[in-house]
Amino acid sequence: MIRPTWTPTDEQNAAIEQAKQVWAAAKTAEDAAWKATQALRDADIPDLAICERIEQVSKPTLNRRLGPRKSRRPQES
């Protein structure tokens, strides 16, 4: 049996476009959140402290999104 072709109405097209905009905004916000989290790492805040204080971030997610933390820099004498 051949399925009929779906032709959206103007309201349906508008609803689809609105949902696309919401998804794009969510992606932009998520990207900004990960940039801010990278800034925390750059400020030498320990990963465990980040994960304890930001409930959306776990150690595995942090490593997956930003990569494992680089080894500690040698102490300056």
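1. Among contacts between residues at least 6 apart in sequence, 42% join residues at least 24 apart. The coordinates examined here belong to a predicted model, and the points below should be read with that in mind.

2. The protein contains 3 helices and 0 strands, and from the N terminus on its elements follow the order α-α-α. The radius of gyration is 21 Å, well over the 11 Å that the globule rule gives for 77 residues, so the protein is more spread out than a compact globule. Along the principal axes, the C-alpha atoms fill a box of roughly 75 × 30 × 20 Å.

3. How many of the 77 residues, as a percentage, count as buried? The share is 14%. The protein exposes about 7100 Å², and carbon and sulfur atoms supply 57% of that area.

4. As to charge, the protein carries 13 positive and 11 negative side chains. The centres of these two sets lie 8 Å apart. Side chains of opposite charge can pair when their charged atoms come close. With a salt bridge taken as a side-chain nitrogen of Lys or Arg within 4 Å of a carboxyl oxygen of Asp or Glu, the count comes to 7 salt bridges.

5. One of the salt bridges is formed by Glu-17 with Lys-20, where the closest N and O atoms are 3.3 Å apart. The two residues are 3 apart in helix α1, which means that about one helical turn separates them. Glu-17 has a relative accessibility of 40% and therefore counts as partly exposed.

6. Is Asp-47 buried or exposed? Its relative accessible area is 4%, so Asp-47 is buried; the cut-off for a buried residue is under 20%. Asp-47 forms a salt bridge with Lys-59, with 2.7 Å between the closest N and O atoms. Because Asp-47 lies in helix α2 and Lys-59 in helix α3 (residues 59–66), this pair ties together parts that are 12 residues apart in sequence. Lys-59 is partly exposed, at a relative accessible area of 32%.

7. Which other residue forms a salt bridge with Asp-47? The partner is Arg-69, and the closest N and O atoms are 2.8 Å apart. Arg-69 lies in the segment after α3 and Asp-47 in helix α2, so the pair ties together parts that are 22 residues apart in sequence. Arg-69 is partly exposed, with a relative accessible area of 33%. Through salt bridges that share partners, Arg-41, Asp-47, Lys-59 and Arg-69 are joined into one network.

8. Helix α2 also holds Glu-52. Glu-52 is exposed, its relative accessible area being 64%. Glu-52 and Leu-66 are 14 residues apart along the chain, and their C-alpha atoms are separated by 17 Å.

9. A point of backbone geometry concerns Asp-44. Where is Asp-44 placed? Asp-44 is in the loop between α1 (10–42) and α2 (47–53). Most residues other than glycine have a negative phi. The phi of Asp-44, however, is near 65°, a positive value in a residue other than glycine.

How values were computed:
Residues are numbered from 1 along each chain as its sequence is written. This is a predicted model: local features need pLDDT of at least 70, side-chain atom pairs count only at pLDDT 80 or more; totals for chains, interfaces and linings use all residues. Side-chain values use heavy atoms; hydrogens and water are left out. Helices (H or I, at least four residues) and strands (E, at least two) are DSSP runs, numbered from the N terminus. The radius of gyration is taken over C-alpha atoms; the globule rule is 2.2 Å times the number of residues to the power 0.38. Buried means under 20% relative accessible area, exposed over 50%, partly exposed in between (1.4 Å probe, protein chains only). Contact means heavy atoms within 4.5 Å. Accessible areas come from the Shrake-Rupley method with a 1.4 Å probe; for residues, only the protein chains shown count as cover. Lys and Arg count as positive and Asp and Glu as negative; His and the chain ends are not counted. The place of a charge is taken as NZ of Lys, CZ of Arg, CG of Asp or CD of Glu.
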